[in-house]
Amino acid sequence: MSITSKLPEVGTTIFTVMSKLASDCDANNLSQGFPGFECDPTLLDFVDKYMRAGFNQYAPMSGIPVFRERITEKTKLVYGIELNSESEVTVVSGATEALYAAVTAVVTQGDEVILFDPAYDSYAPAVKLNGGVPVYVSLEMPDFSVDWEKVKSAITDKTRLIMVNTPHNPSGYVWTHDDLNTLVELIEDKDIFVVSDEVYEHITFDGRKHLSLLTHPILRERTFVCGSFGKTFHVTGWKIGYCLAPPQLTEEFRKVHQFLTFSTATPLQYALADYMSEPSRYYSLPDFYQRKRDLFCEGLKETPFEFTPAQGSFFQMVSYGHLSQESDYDLAVRLTKEIGVASIPISVFFSDKKDHKILRFCFAKEDEDLNSALNKLKTIRL
């Protein structure tokens, strides 16, 4: 029997490819974006507590009430925004599910969705699977900021949704007040929704503050904000995410969510609720990751790469076009095999796969692993 693929262009992700290659070559894996260290043992103790106490059956579809309440407390503490935990907060099985459910909630056949290029690889498939049409707006290099005139030109009567990512993956660019205000100017008189991927919300550097789209009153009324505790608490394998949206949008979001995963692991939700009772556990994250970024960037100064320290996220991009015209994919593979350091070629994030001679490294690793990788990178010849 034959199958007509709904995503014929999609194959094995570059993250799977590079992580396998790193394993095969016993390389320092700075490719896939997951922390290379354990979470706080206290959090594991909470999980054990609730598993042994019998909290192992289905959770409520929208999330454990006390966990949703903790999320509203965090939102008020960090952003000064009060949410209703019953009608505006939904717990999901990872931010990728949140993104997909949000797109599905508002996008129908033929709707246009503006994506900033380069973009995380789950955005376009979510749009296409819902019959939408991705419309790409290229970000401005070298800082990957938004050219708002391009966005204005891309908006048509068919535009239904704009997908935002701040801090941005792969570049680390952090949106400014001007970005938020200009977005409002472009869409406030139009029926356009926003999905905001804010999974790196607590990982910003050099005094920058993450500006959640919730903080603008006009954007708050039309935005699905998607977040992840996997990134915040170093437990990406738990796949615990959430969506914050006004009641009308939350209602549609939950209609989709209940037929995707329905609910999320019960003892993990209770454990995180207990863990979040101490706000310092997420407030300390910028300093923790800035130390790792600074360590990595200081070592990069002794390599032939050119770079600007990332504004946010736990990724650092480096440029090598001044030294070589080797493709970013070929160089990423070669560095993994020859010196034992795996990275991601950022051409995979671009809709046209254009090669800008840039690699992305993840510095969410133990200092020992970062120093080992840096010593190897210092030996490269391009």
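A polar contact is a pair of N or O atoms within 3.5 Å. I keep that cut-off at hand for the first entry. The model I am reading is predicted.

**Entry 1: histidine 168**

I looked up where histidine 168 sits. It lies in the loop between β5 (159-165) and α7 (177-187). Is histidine 168 buried or exposed? Its relative accessible area is 5%. Buried means under 20%, so I note histidine 168 as buried. Next I checked its side chain. It makes a polar contact with the side chain of serine 171, at 2.8 Å. I then set aside the neighbours within four places in sequence. Histidine 168 is still in contact with Pro118, Leu139, Tyr173 and Ser313.

**Entry 2: the sheet of 7 strands**

I traced an open sheet of 7 strands. The order I wrote down is β2-β8-β7-β6-β5-β3-β4, and the pairing is mixed. Which strands stand at the edges? They are β2 (89-92) and β4 (133-138). Each has a single partner strand, so one side of each has no neighbour in the sheet. From one strand to the next, the twist averages 20°.

Strand β3 (residues 112-117) runs parallel to β5, and they pair over 4 bridges. Leucine 115 stands opposite methionine 163 in β5. Then I looked for a helix on the sheet. I found α10, which touches β2, β6 (193-197), β7 (223-228) and β8 (241-244). The direction of α10 makes about 20° with that of β2.

**Entry 3: the sheet of 3 strands**

I turned to an open sheet of 3 strands, in the order β9-β12-β11. Its pairing is antiparallel. The edge strands are β9 (315-319) and β11 (344-345), and each pairs on one side only. I checked β11 against β12 (residues 358-362): they pair over 2 bridges. Proline 345 stands opposite leucine 359 in β12. Helix α13 (residues 285-300) lies across β9 and β12. I noted its angle to β9 as about 15°.

**Entry 4: rings**

How many aromatic pairs does the structure hold? I noted 26. One of them joins tyrosine 58 and phenylalanine 262. The centres are 6.4 Å apart, with 80° between the planes. Planes over 60 degrees apart count as edge-to-face, so I log this pair as edge-to-face. Tyrosine 58 is in the loop between α2 (41-52) and α3 (65-79). Phenylalanine 262 is in the loop between α10 (247-257) and α11 (266-275). The pair therefore ties together parts that are 204 residues apart in sequence. I also compared how open the partners are. Tyrosine 58 is exposed, at 75% relative accessible area. Phenylalanine 262 is partly exposed, at 35%.

I also found a cluster linked by ring pairs. Its members are Phe37, Tyr200, Phe288, Tyr289, Phe314 and Phe315. Arginine 360 lies over the face of phenylalanine 315, at 3.6 Å from the ring centre. Lysine 365 lies over the face of phenylalanine 34, at 4.1 Å from the ring centre.

**Entry 5: threonine 75**

At 2% relative accessibility, it counts as buried. Leaving out neighbours within four places in sequence, I listed its contacts: Gly80, Ile81, Leu83, Leu214 and Leu244. I also took a distance from threonine 75 to valine 17. They are 58 residues apart in sequence and 36 Å apart in space, C-alpha to C-alpha.

Technical notes
Residues numbered from 1 in each chain as written. Predicted model: local features only at pLDDT ≥ 70, side-chain atom pairs only at ≥ 80, totals over all residues. Heavy atoms only, no water. Pairing = 2+ DSSP bridges. Contact = heavy atoms within 4.5 Å. Axes fitted to C-alpha atoms, helices over the stretch in contact; angles between N-to-C directions. Phe/Tyr/Trp six-rings, centres within 6.5 Å; stacked < 30°, edge-to-face > 60°. Buried < 20%, exposed > 50% of the residue type's maximum accessible area, 1.4 Å probe, protein only. Lys NZ or Arg CZ within 6 Å of the ring centre and 35° of its normal. Polar contact = N/O pair within 3.5 Å; in protein donor to acceptor, adjacent residues only side chain to side chain.
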